[in-house]
Each structure stands twice: as C-alpha cells, then as structure tokens.
Amino acid sequence: MQRFANELRALTQYFLFWLIICFIDRLIFVIAFFEKIGFSNFTEIFRIYYHGLNLDFSAVSYICALPFLVYCLLSFFPKLKPKRLILDIYTIIVLVLFFVTSFINVNIYREWGDKISKRAIDAFFASPSGAVASAESTPVFLPIVGMLIGIFCGYFLYRWMFKKVSFFNIKSPVGNFFKLAIGVFVLFTFIRGGYGRATLNPSKAYYSEETFYNHAAVNTQWSFLRDFFAESTKLKYPYNYYADQKDIQDKLRPAFQSQPDSAV
C-alpha cells in the first residue's frame, strides 16, 4: 500500500507542479494588465481562475501525457534504470517554451488586444520588419528578465517539490497496467474536457461580458497550440482559383473551339 501511495504522490505532484505554472502564467497576464481589472474588481481575479480551470487541466494533461506514457512503459522493464535527468531535461525544455510564450503573449496583447495565435506568428514571419516596427513602443528588457526569472523559479520549484519523491514504486506488471489504464483515462478526460458531444474549446472559459476577463481565463498555451494545430490540420479548400482572366480563357478555349463537320 505504501508503494501505491508513493507512486500516486509522484504522479499527482508532477501534475500539480504544472498546474501551479499555469496559475503563474495567468498571474503574469493579470498583473501586466491590472488596470483593466482595478482594485474595485479585485475579486474578479478569483472568478477568472475558477472559469479557466478546465483549460488549465487540459493544458497540464497535454504536458504530462508524454512523460507519463514513457514512464509507464519503462515500468514494465524493471531491469532498466532510467535516470531522473530525462525528466529534468523535458521539464526545462517545456518551462522555457512556456515562459517564452507567456511573455510574448503579453507584448502581443498590449499591441493587438488579442492573445498569441498562429495568425500573429505568421504575420511576424511574413513581415519581420513590419512586426518589429509595430512593436517599437513595447518594452523588451523586462519581458526577457521575466522569462529568465520565470524559468529559474519554475525549475527551482520543480526541484523542491521532487526533492523527496521516488519513482518506479510499483513493481508488478498488473499494478503497472492498472496505473497506465487509470492514468490514460484521467489524462484523456482532462484533455477532452469530459465526454459530452462537444470537445473542450476556449468558450468554455468565457463567463463575462468583459472581453478581457474572458481572455484572461483562457489558458494561453492551450489556446495557442489549439489554434496552431487547428489551422495546420484544416482540409484543403476543394475549389481552385485562377490568378487572372487569361488562365480562365486558356482553360475554357477548347470547349468553345469550332469543330467543322468533315463531311461538308
């Protein structure tokens, strides 16, 4: 029973760690635009966090899915003794991407009034000089410092939370199978947001007539990845468009050519 408790602690603690990071990301966004809330509506922050929980759980489940599956597969091979370094490297990489996205999102929202999206990234690569020119008034030094502090503090929190946590506590194949099955079920449930007809979407976090409150409730990383993959997986439009009138005429000319009767 103690082994099961230790295993449960290890898995839930990693999930909790990333949930805290999501809360920090939202806190950064709220602090950056606190004038849109004000002290008079301070309690609105709690509502923002509450209504964003579903998307936070989904985002954390996406992050935890890969290490969890790898961990479960390795559990079936007790002779293998992977080092914690693998999880450390994965955590650092995701932390870097997480906080870079977080602070870029703040700058984009300050300039455009919308959160980071594939459209914003495409606009930058389409015209880097124009994007830089439009962001000249946006502070750069503070976001970079914020990224570094966020990454450092996030990794320190990770090391502190897992100082006394042990992995690979369950040894039996049956126990590891149940761990895999239950974990996949829980993660999939959070990722999908339940088992209703409609899957999880940003509107799940919308609760207010104030646009900013809704934007703050939406998990930044979850929304960005959903937007990116939704755009990249759209079906190609089945109809062809022609560049100019000449292309159309070239295509239609054979249909209107005169074919005189050879018998005449």
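Predicted model: local features only at pLDDT ≥ 70, side-chain atom pairs only at ≥ 80, totals over all residues.
Reader: What makes the space with a volume of about 810 Å³ a pocket, and which residues are closest to its centre?

Author: A pocket is an open set of grid points with protein on both sides within 12 Å along at least five of seven lines, whereas a cavity is one that the probe cannot leave. The space of about 810 Å³ is the largest pocket, so it is counted as open under that criterion. Of the 32 residues that line it, Ala 10, Leu 11, Pro 67, Phe 68 and Tyr 71 are the closest to its centre, and H1, H3, H4 and H8 each supply at least two residues of the lining.

Reader: How is the lining of the second largest pocket divided by class, and which element gives the most to it?

Author: The second largest pocket, with a volume of about 680 Å³, has a lining of 19 nonpolar, 4 polar and 2 charged residues. Helix H10 (220–232) is among the elements giving two or more residues, and gives the most, with 8.

Reader: At what angle do H4 and H7 pack, and is their crossing left-handed or right-handed?

Author: The two helices pack at about 145 degrees, with their axes 9 Å apart, and the crossing is right-handed.

Terms used:
Residues numbered from 1 in each chain as written. Heavy atoms only, no water. 1 Å grid on protein atoms, 1.4 Å probe; cavity = no way out; pocket = protein on both sides within 12 Å on 5 of 7 lines; lining within 4 Å. Points joined across faces, edges and corners; volume = space filled by probe spheres on them. Helix = DSSP H or I, 4+ residues; strand = E, 2+ residues; numbered from the N terminus. Nonpolar A, V, L, I, M, F, W, Y, C, P; charged D, E, K, R; others polar. Axes fitted to C-alpha atoms, helices over the stretch in contact; angles between N-to-C directions. Left-handed = near helix turned anticlockwise from the far one by under 90°.
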